[in-house]
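Dear colleague,

I am handing over the structure we spoke about, and below it I have set out what was found in it. Please have it open beside you as you read.

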Amino acid sequence: GPCTECSCASGKEPDKGPSHTKKKENGDRLCVPKIFFGTRTHKQITQISRELKRTAYSCVPMTILSSRDYTCIHPVVSNSSNRNEMCVELLEGKHGKSCSFYHGVHKLSEQHALQPGPGLYQAWDIEDLVKLGRKLRACPYFAARELMVGADIVFCPYNYLLDPQIRDSMDINLKDQVVILDEAHNIEDCARESVSYGVTESQLRAAREELDFMVSNSIRQKHHEPLRAVCCSLI
């Protein structure tokens with residue numbers, strides 16, 4: 001089950017030094033680190049979970065973290081181009097409606113089809129999760145995140161481990177955990193991508209116009225002039 005007592009689950013620092021990282025839960029069991037298994041694509045996760053099914057470890061509690069592109073089942077949100085924003089808006093109830101799938105998330109994370117008894121296959125892939133989510137009318141995206149708490153192995157794309165913003169939003173804490181990167185020669189590109197940002201020329205021109213306005217109206221000139229110079233040189 002989830003080890004709630006230890007530093008790895010709560011994301012908090014252990015009380016005093018390394019001796020406390022192996023604090024016993026309920027007085028009898030050591031807190032075991034999770035294995036985070038990063039791959040380049042979602043397709044590779046499907047292949048790996050299929051391989052996991054064939055091993056002696058197919059009953060190990062697991063989860064797969066992926067984007068809403070793969071796991072959102074809301075009829076409107078899943079067909080939208082900005083799923084993340086629409087999902088957040090729904091959950092905040094901005095338009096007086098919420099997401100019924102999100103409120104059924106526990107039906108999926110507690111579902112025994114995902115966590116059957118000993119000796120039965122337990123490893124699953126995103127398609128299995130989504131299929132079950134549709135059947136139970138429960139959100140696969142948030143269920144996968146809930147399952148991370150009790151999972152011994154967590155599969156996800158590289159950028160979930162490399163990009164600090166995604167790590168933060170997904171509550172991934174890698175301190176004292178085991179990290180495995182599949183095909184690690186792709187890491188450099190992925191790391192570059194996670195700190196890169198694309199802008200169009202029209203965005204730059206719009207920014208320059210706004211900065212021109214700031215400077216000509218003496219609004220924090222010493223901050224805005226160098227920014228305007230950057231925009232001009234990029235254009």
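In which helix do Arg205 and Glu201 both lie, and how many residues apart are they? Before the answer, please keep in mind that this is a predicted model, and that the values below were computed from it.

Salt bridges

Arg205 and Glu201 both belong to helix H12, which covers residues 201-216, and they sit four residues apart, about one turn of the helix. An α-helix has 3.6 residues a turn, so residues three or four places apart point the same way. The side chains of Arg205 and Glu201 meet in a salt bridge, with 2.6 Å from N to O. Arg205 is partly exposed at a relative accessible area of 33%, and Glu201 is likewise partly exposed, at 45%.

Helix H12 also holds Asp212, whereas Arg228 lies in helix H13 (residues 221-234), so this pair ties together parts that are 16 residues apart in sequence. The closest N and O atoms of the salt bridge between Asp212 and Arg228 are 3.0 Å apart. Asp212 has a relative accessible area of 30% and is partly exposed, and Arg228, at 23%, counts as partly exposed too.

A further salt bridge joins the side chains of Arg83 and Asp69, at 2.9 Å from N to O. This pair links distant parts of the chain, with Arg83 in helix H4 (residues 83-92) and Asp69 in helix H3 (residues 68-71), 14 residues apart. Asp69 counts as exposed, because its relative accessibility is 52% and the cut-off for exposed is over 50%.

Helix H8 (residues 140-147) is largely enclosed by the rest of the structure, because seven of its eight residues are buried. The buried residues of H8 are Pro140, Tyr141, Phe142, Ala143, Ala144, Arg145 and Leu147.

H8 also supplies at least two residues of the lining of the largest cavity, as do H4 and helix H5 (100-103). The search of the whole structure finds one cavity of 30 Å³ or more, and about 110 Å³ of space lies in the largest cavity. Its lining is made up of 14 residues, of which Cys72, His74, Cys87, Cys99 and Cys139 lie nearest the centre. H4 gives the largest share of this lining, three residues. By class, the lining has 12 nonpolar residues, one polar and one charged.

With best wishes

Key: Residues are numbered from 1 along each chain as its sequence is written. This is a predicted model: local features need pLDDT of at least 70, side-chain atom pairs count only at pLDDT 80 or more; totals for chains, interfaces and linings use all residues. Side-chain values use heavy atoms; hydrogens and water are left out. Buried means under 20% relative accessible area, exposed over 50%, partly exposed in between (1.4 Å probe, protein chains only). A salt bridge is a side-chain nitrogen of Lys or Arg within 4 Å of a carboxyl oxygen of Asp or Glu. On a 1 Å grid over the protein atoms alone, a cavity is a set of points where a 1.4 Å probe fits but cannot get out, and a pocket is an open set with protein on both sides within 12 Å along at least five of seven lines; lining residues have an atom within 4 Å of a point. Grid points are joined across faces, edges and corners, and a volume is the space filled by probe spheres set on the points. Ala, Val, Leu, Ile, Met, Phe, Trp, Tyr, Cys and Pro count as nonpolar, Asp, Glu, Lys and Arg as charged, and the others, Gly among them, as polar.
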